[in-house]
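Here are my notes on this model, point by point. Please read them with the structure open.

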Amino acid sequence: MAGAPVKLGSIVSFCIVLYAVYYRKSDIGDERLSPVKDHLLYLESQNKVGVGNRQPNVALGYGACHDLFVNATSLLDYKDLKGSPKHFDEIRNRAEFLRSFSYYFKHGAAAERFMSNSKLFDELIDQALKMTDSRWSIGGNAPLMAKRFFLEGWKVLLAAKMSETLKSYIPNGIQIVGNNNEEEIKDDVHMILEYKADESFGIYKAPRANRYILHNDENNPLLSSLEKFGECLPSFNPNLLVISGLQMMDNYPFKKDDVTDLRAERLELVKKQILSQPITTLAHFEMASYVDLDLLLHLTNKVLPFVDSVGMNEQELDNLCSVLELGRVSVVADSNPRVATALDQMRKIFKIVRQKNVQYSSNRKLTRIHVHTLAYQAILTVKSSAWKRTEAAAAKASLTAHRYVCNNLTIALEKTKLLLDDSFSTTADNNNNSRVFFEPSKPVACWDEVIGNENVDICVAPVLICTEAQLTAGAGDNISAAGLVLQVEK
């Protein structure tokens, strides 16, 4: 396949190195950009979502919220920071908030944290609303992924309790379930503190554009739309079931006694909901920012063994790998990891979850992993599985990353850069020196491997990085959904 790994020292690798050098940066910019863009667009144009009787159905849970966007460094004052940057599992006061924010800001890492102090949260919302550049939008993994699926031509069922005001952000063609009759809904609010690459907060500088999310949710942690969703699934008959939004349970103060563990009970119902679907309905779990080890362990036992696919960013990849392999949380990771590092972590996750498939006698097996980073998309699929068109899916995800972050359907090369090198190792294993050489005229590199006796395809696509970021929150949801839209065929 194109871009397959080769051993260093071979004549083939020498020739490809010479070919790659031609596309190095010149005085007018990176000459690789134009051929990369052209081929990604070509792959997208040649692969379409089915229409009519072939239009696929997707059902997504759980939850929705009102997102309040604000520029982080305009809202916060570095002079108020007391103490050094530090991670906190939950935020109880202003001092912890500023230390937590600055910790993730200096690493350029995405974060989502629960603030248990409702009074302080309301004060911060009031403060943000006074900023001239603050704005409201719909938030939550499920609604944002739902909108992407709908835009790409899918039929969509969304599980979320939301007010009529919040529903106005959702396209009319999306079916929404979750509200009880005549129930008055108070929408949960998330504050999205955005920052751009190289922005400063006192002595700290952000290595990349990203966001810090703060919430004080009441509805979403309880997965309050779950039962209504379950009632609608049989008649909707989805080709794909997406499980997301479970991070709202992270550090939420659930009532717990010697008899009941409400969080464990709700997650057990999620598991039953997945199991209630026919095996022909593919199930995808969307990872997120988690720091609560008990919750993560629940997910590795009640959700991961029963889904076909999992999607995540580089922070979530490192965290999931750490929890599965070592039983501990990884709070922050490299914001731009080497391809070899990410691929090795994907292989570990694949092997461990496949063992859990057997351990829990699951009728499903993990057959797909999608990791999205600033620099590249990496998708692993099992060859004998139902997932289709992995190369095109990686290209689609890459294009969506640029379009969403730039908030523009047109890809302007002057607002674009590549971080992927001319070649990359396929593993950090010193005993394996295979490399993939980046060909700008055929930029999506795909190859075959055997992992744990399974034949898999791996595709890596470079991201045309938007250098003038307009949106950061929701990028992962749009990218993950875009990676799925071509891989399921009815």
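1. A cavity here is a set of grid points where a 1.4 Å probe fits but cannot get out. The model is a predicted one. By that criterion it holds 5 cavities of 30 Å³ or more.

2. Start with the largest cavity. Its space comes to about 120 Å³. The lining counts 14 residues. Nearest the centre lie S289, Y290, Q315, E316 and V331. Two elements give two or more residues to this lining: strand 6 (111–114) and helix 11 (314–326). Helix 11 supplies the largest share, 3 residues. By class, the lining has 6 nonpolar, 5 polar and 3 charged residues.

3. Now the second largest cavity. Its volume is about 50 Å³. Which residues line the second largest cavity? They are K48, V49, G50, R54, P56, W154, R389, V485, V488, E489 and K490. This lining splits into 5 nonpolar, 1 polar and 5 charged residues.

4. Five strands form an open sheet in the order 6-13-10-5-7, and the pairing is mixed. Strand 6 and strand 7 (135–139) are the edges, each pairing on one side only. On average, neighbouring strands are turned by 25 degrees against each other, direction ignored. Strand 6 thus has two entries in this note: it is an edge of the sheet, and it gives residues to the lining of the largest cavity.

5. Strand 5 (residues 65–71) and strand 7 run antiparallel, joined by 5 bridges.

6. Finally, a helix pair. Helix 8 (residues 226–236) packs with helix 9 (residues 262–275) at an angle of about 10 degrees. Their axes are 11 Å apart. Angles under 35 degrees count as roughly parallel, and helix 8 and helix 9 are therefore roughly parallel to each other.

7. Which residues make this contact in helix 8 and helix 9? Helix 8 brings L226, E227, F229, G230 and L233. Helix 9 answers with R266, L269, V270 and Q273. The classes in the contact are 5 nonpolar, 2 polar and 2 charged residues.

Terms used:
Residues are numbered from 1 along each chain as its sequence is written. This is a predicted model: local features need pLDDT of at least 70, side-chain atom pairs count only at pLDDT 80 or more; totals for chains, interfaces and linings use all residues. Side-chain values use heavy atoms; hydrogens and water are left out. On a 1 Å grid over the protein atoms alone, a cavity is a set of points where a 1.4 Å probe fits but cannot get out, and a pocket is an open set with protein on both sides within 12 Å along at least five of seven lines; lining residues have an atom within 4 Å of a point. Grid points are joined across faces, edges and corners, and a volume is the space filled by probe spheres set on the points. Helices (H or I, at least four residues) and strands (E, at least two) are DSSP runs, numbered from the N terminus. Ala, Val, Leu, Ile, Met, Phe, Trp, Tyr, Cys and Pro count as nonpolar, Asp, Glu, Lys and Arg as charged, and the others, Gly among them, as polar. Two strands pair if DSSP finds at least two bridges between them. Axes are lines fitted to C-alpha atoms, for helices over the stretch in contact, and angles run from 0 to 180 degrees between N-to-C directions. Angles under 35 degrees count as roughly parallel, over 145 as roughly antiparallel, 65 to 115 as roughly perpendicular and the rest as oblique. Contact means heavy atoms within 4.5 Å.
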